[in-house]
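Colleague: I have not looked at this structure before, and I would like to go through it with you one question at a time. Could we start as soon as it is on the screen?

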Amino acid sequence: MGMSVTISAADDSDAEQILKLQYLCFQREAEVYGDYAIAPLTQTLDALRGELDSGYVLVARLGTEVVGSVRAVVEADGTARISRLCVHPRMQRHGLGRRLLSGIEASIAAEQAATRYHLVTGDRSDGNLRLYRQCGYTPVGTEKDRKVTLVAMAKEARAQGGPATEQYATSA
């Protein structure tokens with residue numbers, strides 16, 4: 001039996017669910033790198049609420065539960081920095097991460113706010129690297145963050161039409 005997952009803009013009422021999901025999802029990354037002080041695990045609720053007010057934040061909902069999220073902020077030079085893409089472990093491998101990434105790009109493109117998309121992921125995060133490459137991102141450098149080597153990836157923004165909110169069916 002399929003269940004409907006809806007992707008839409010987040011608001012302040014989603015903040016606690018987003019933060020709990022983020023903590024759950026980034027535990028595996030922390031384990032891979034042996035560093036439980038990575039930024040997604042140390043972020044406060046107040047800091048997250050600030051991001052809700054200052055950038056683009058999308059959530060994927062299964063009923064009333066937030067099962068995915070992604071954020072972006074567009075800098076003055078036109079670079080959209082995409083971050084914190086996460087999907088609940090039970091919902092992974094159903095294309096939800098790809099849809100969230102596409103949705104955040106479409107939200108930014110609808111306002112013609114960016115000329116380039118940029119994101120980072122750990123050098124040992126094979127699934128993330130594969131997803132981003134499949135979505136058109138190419139490595140542009142590396143950064144060191146504590147114990148983690150981050151791969152910076154980018155792609156040029158291009159005009160995308162249509163709303164950022166979508167609905168699709170997936171099985172749970």
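Colleague: In which strand is R61 found?
Modeller: Please keep in mind throughout that this is a predicted model. As for R61, the residue is found in the strand that covers residues 56-62, and that strand is β2.

Colleague: Is R61 buried or exposed?
Modeller: The relative accessibility of R61 is 18%, and the cut-off for a buried residue is under 20%. Because 18% falls under that cut-off, R61 counts as buried.

Colleague: With which side chain does the side chain of R61 make a polar contact?
Modeller: Not counting residues up to four places away in sequence, R61 touches S4, V5, T6, S8, A9, D14 and V67. One of these residues also takes part in a polar contact, side chain to side chain, at 2.5 Å from R61, and this residue is D14.

Colleague: Moving on to the helices, at what angle do the axes of α1 and α3 cross?
Modeller: Two packed helices are described by the angle between their axes and by the distance between those axes. Helix α1 spans residues 15-33 and helix α3 spans residues 45-54. Their axes come within 10 Å, in a crossing that is right-handed, and the angle is roughly 115°.

Colleague: How many charged residues are there in the contact of α1 with α3?
Modeller: From α1, the residues A15, E16, I18 and L19 meet L45, L48, R49 and L52 of α3. Divided by kind, the residues of this contact give six nonpolar and no polar ones, while the number of charged residues is two.

Colleague: How many residues of helix α4 are buried?
Modeller: Helix α4 runs over residues 96-110 and reaches 21 Å from its first C-alpha to its last, close to the 21 Å expected. The helix is mostly covered, and the buried residues include L96, L100, I104, E105 and I108. Out of its 15 residues, the number that are buried is eleven.

Colleague: Which residue has its backbone oxygen 2.7 Å from a polar atom of the K155 side chain?
Modeller: K155 counts as buried because its relative accessibility is 10%. Leaving aside neighbours within four places in sequence, K155 is in contact with E105, R116, Y117, C135, G136 and Y137. Among these, the residue with its backbone oxygen at 2.7 Å from the K155 side chain is C135.

Colleague: What is the phi of R84?
Modeller: Most residues other than glycine have a negative phi. R84, which is found in strand β4 (residues 79-87) and is buried with a relative accessible area of 18%, has a positive value instead, although the residue is not a glycine. Its phi is near 55°.

Colleague: Is R93 buried or exposed?
Modeller: R93 has its place in the loop between β4 and α4, and it takes a positive phi of about 70° although it is not a glycine. Its relative accessible area is 79%, and because a value over 50% counts as exposed, R93 is exposed.

Colleague: What is the relative accessible area of M91?
Modeller: M91 is found in the loop between β4 and α4. The residue is buried, and its relative accessible area is 1%.

Colleague: How far apart in space are V73 and S54, C-alpha to C-alpha?
Modeller: V73 has its place in strand β3 (residues 65-74) and counts as partly exposed at 35% relative accessibility. V73 touches S54, as well as T79, A80 and R81, when residues up to four places away in sequence are not counted. V73 and S54 are 19 residues apart in sequence, and in space their separation is 7.3 Å.

Definitions and conventions. Residues are numbered from 1 along each chain as its sequence is written. This is a predicted model: local features need pLDDT of at least 70, side-chain atom pairs count only at pLDDT 80 or more; totals for chains, interfaces and linings use all residues. Side-chain values use heavy atoms; hydrogens and water are left out. Helices (H or I, at least four residues) and strands (E, at least two) are DSSP runs, numbered from the N terminus. The expected span of a helix is 1.5 Å times one less than its number of residues. Buried means under 20% relative accessible area, exposed over 50%, partly exposed in between (1.4 Å probe, protein chains only). Axes are lines fitted to C-alpha atoms, for helices over the stretch in contact, and angles run from 0 to 180 degrees between N-to-C directions. A crossing is left-handed if the near helix is turned anticlockwise from the far one by less than a right angle, and right-handed if clockwise. Contact means heavy atoms within 4.5 Å. Ala, Val, Leu, Ile, Met, Phe, Trp, Tyr, Cys and Pro count as nonpolar, Asp, Glu, Lys and Arg as charged, and the others, Gly among them, as polar. A polar contact is a pair of N or O atoms within 3.5 Å; within protein, one must be able to donate a hydrogen and the other to accept it, and residues adjacent in sequence count only if both atoms are side-chain atoms.
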